[in-house]
Amino acid sequence: MTTPKLSEQTARGRMYRIEPDGKPVYPSITTVAGMRAKDHLQGWYATMASKRALDMYAWLDRNPDRAASEISRVSRDRWATQKRIAAAAEEHTRIASEFGTLVHAACEEWGRAGERPTPDQVSAIAEDMRREDGAFAREPSAENLLARAAVRLDGYGRFLEEFQPEFVEVEQTVVNHTVGYAGTTDCIVRVGGALLSGDIKTSKKVRGDYALQGVAVVNAEALLDEDGTVREMPELTGAFIIHLPEAGGYSVVPLKTGPEEFEAFTALRRIWAFEADDCVLETCSQPQQLLVSLLKSKGGLGGIDALG
């Protein structure tokens, strides 16, 4: 997915402006959904770090004539080596994200133009990403990159042929002023007479938390164009994932987008707004000062008289 023009990365995650020249006011759907605890990833982070460390040991084994100098270098700069090992998971995620962005951009072009982008056009998209964002810095072969993208586009072509979606909106930003969020769906399509939000995923599997993104789009209140124009939000029947796996082909996966899923999303929105640092109050030197501070923090001083 290409970066929406109304959004920008901030210290609090990606946020959206309502007007082209305005300040960012709403967190993105993915930023809100990302507030969900990810304790299950800690083991994966450790695994990726250990794999990188083992790869470094394997390099020493393959290059015994350079082992002594490399060990000396690591010993002199342990902090840099530690950072490199710890960054393994982050770099893996970034590489996967860059490839997913390339496939999204190619599919977006397909949806707008009505025909599959040529290899030269996909290559041009990749080159723009490389020039503007430094993407694919670790990609050893441009040909390999295009070949992998072609596999995903083959699957997307089969989806288009077999489901015959009518594209109503492509890469469309939506907004909900009541809850306070904005985001961009890959497409709004008509399938079998129903309007649906569709998102393309190139991940290894379809994760359940994708439903948080889908339900946020389904419950959006308006369409928001890049020039700030607000349009009526169509009523959507639901949301689904177009999964384009590495092995090829595709799968269409419907998502639950009911009241329970939306309540979970709105709860995450409240968590995003929570400022933990504001919960630490000024140091107190006397008991009465402590109690007054605690009562004030609850919004009232009705119990002050009980202090005597």
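The model is a predicted one, in which local features need pLDDT of at least 70 and side-chain atom pairs count only at pLDDT 80 or more, while totals for chains, interfaces and linings use all residues. Residues are numbered from 1 along each chain as its sequence is written, and side-chain values use heavy atoms, with hydrogens and water left out.

The space in this second largest cavity comes to about 40 Å³, a volume being the space filled by probe spheres set on the grid points, which are joined across faces, edges and corners. At least two lining residues come from each of strand 6 (194-201), helix 8 (210-218) and strand 9 (238-243), with helices (H or I, at least four residues) and strands (E, at least two) taken as DSSP runs numbered from the N terminus. Helix 5 contributes the most to the lining of the largest cavity, namely four residues.

The structure contains 18 salt bridges, each defined as a side-chain nitrogen of Lys or Arg within 4 Å of a carboxyl oxygen of Asp or Glu. One of them joins the side chains of Arg 36 and Asp 209 at 3.9 Å, N to O; this pair links distant parts of the chain, 173 residues apart. Arg 36 is partly exposed at 41% relative accessibility, whereas Asp 209 is buried at 18%, given that buried means under 20% relative accessible area, exposed over 50%, and partly exposed in between (1.4 Å probe, protein chains only). Arg 36 and Asp 209 also belong, with Arg 207, to a network of salt bridges.

A further salt bridge, between Arg 231 and Glu 169, has an N to O distance of 2.9 Å, and this pair too links distant parts of the chain, with Arg 231 in strand 8 (residues 230-232) and Glu 169 in strand 4, 62 residues apart. Within helix 3 (residues 64-76), by contrast, Arg 73 and Glu 70 lie three residues apart, about one turn of the helix, and their side chains meet in a salt bridge of 2.5 Å, N to O.

Key:
On a 1 Å grid over the protein atoms alone, a cavity is a set of points where a 1.4 Å probe fits but cannot get out, and a pocket is an open set with protein on both sides within 12 Å along at least five of seven lines; lining residues have an atom within 4 Å of a point.
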